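I opened this entry to see what the surface looks like.

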Amino acid sequence: MSINREIGKEARELDEKPIIERMKVEKNSIKKIGIALFCYSLIMILFYFFL
């Protein structure tokens with residue numbers, strides 16, 4: 001039951017924030033996306049040249 005209350009509390013806090021603040025992406029997330037794209041590109045290049 002407390003999990004539902006915590007989720008409800010987080011939802012209310014998000015509703016109070018402006019849209020611009022909701023859209024902000026954390027730096028940590030940007031790094032993870034960049035690393036994932038780099039790995040994806042590297043794998044695609046390896047497959048292109050070696051298969």
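I looked up Tyr-48 first. The model is predicted, and I read every value below with that in mind. Tyr-48 has a relative accessibility of 65%. Exposed means over 50%, so Tyr-48 counts as exposed. I then checked where Tyr-48 sits: it lies in helix H3, which covers residues 27-50.

Which residues form the nonpolar patch on the surface? I found Tyr-48 there, together with Phe-38, Leu-42, Ile-45, Leu-46, Phe-49 and Phe-50. Together they have about 860 Å² of accessible area.

Next I turned to charge. I found a negative surface patch made of Glu-6, Glu-10, Glu-13, Asp-15 and Glu-16. Glu-13 belongs to helix H1, residues 2-16. Is Glu-13 buried, exposed or partly exposed? Its relative accessible area is 41%.

I noted 9 positive and 7 negative charges, and their mean positions are 5 Å apart.

Then I stepped back to the fold. The protein chain has three helices and zero strands. Along the sequence I read the pattern α-α-α.

How does the radius of gyration compare with that of a compact globule? I noted 19 Å for the protein chain, whereas a compact globule of 51 residues would be near 10 Å. The C-alpha trace spans about 55 × 30 × 15 Å along its principal axes.

Last, I checked burial. Of the 51 residues, 0% count as buried. The protein chain exposes about 5500 Å². Carbon and sulfur atoms supply 66% of that area.

Key: Residues are numbered from 1 along each chain as its sequence is written. This is a predicted model: local features need pLDDT of at least 70, side-chain atom pairs count only at pLDDT 80 or more; totals for chains, interfaces and linings use all residues. Side-chain values use heavy atoms; hydrogens and water are left out. Helices (H or I, at least four residues) and strands (E, at least two) are DSSP runs, numbered from the N terminus. The radius of gyration is taken over C-alpha atoms; the globule rule is 2.2 Å times the number of residues to the power 0.38. Buried means under 20% relative accessible area, exposed over 50%, partly exposed in between (1.4 Å probe, protein chains only). Accessible areas come from the Shrake-Rupley method with a 1.4 Å probe; for residues, only the protein chains shown count as cover. Lys and Arg count as positive and Asp and Glu as negative; His and the chain ends are not counted. The place of a charge is taken as NZ of Lys, CZ of Arg, CG of Asp or CD of Glu. Patches are made of residues with over 30% relative accessible area and no salt bridge: like charges are joined within 9 Å, nonpolar side chains (Val, Leu, Ile, Met, Phe, Trp, Tyr) within 5 Å. A salt bridge is a side-chain nitrogen of Lys or Arg within 4 Å of a carboxyl oxygen of Asp or Glu.
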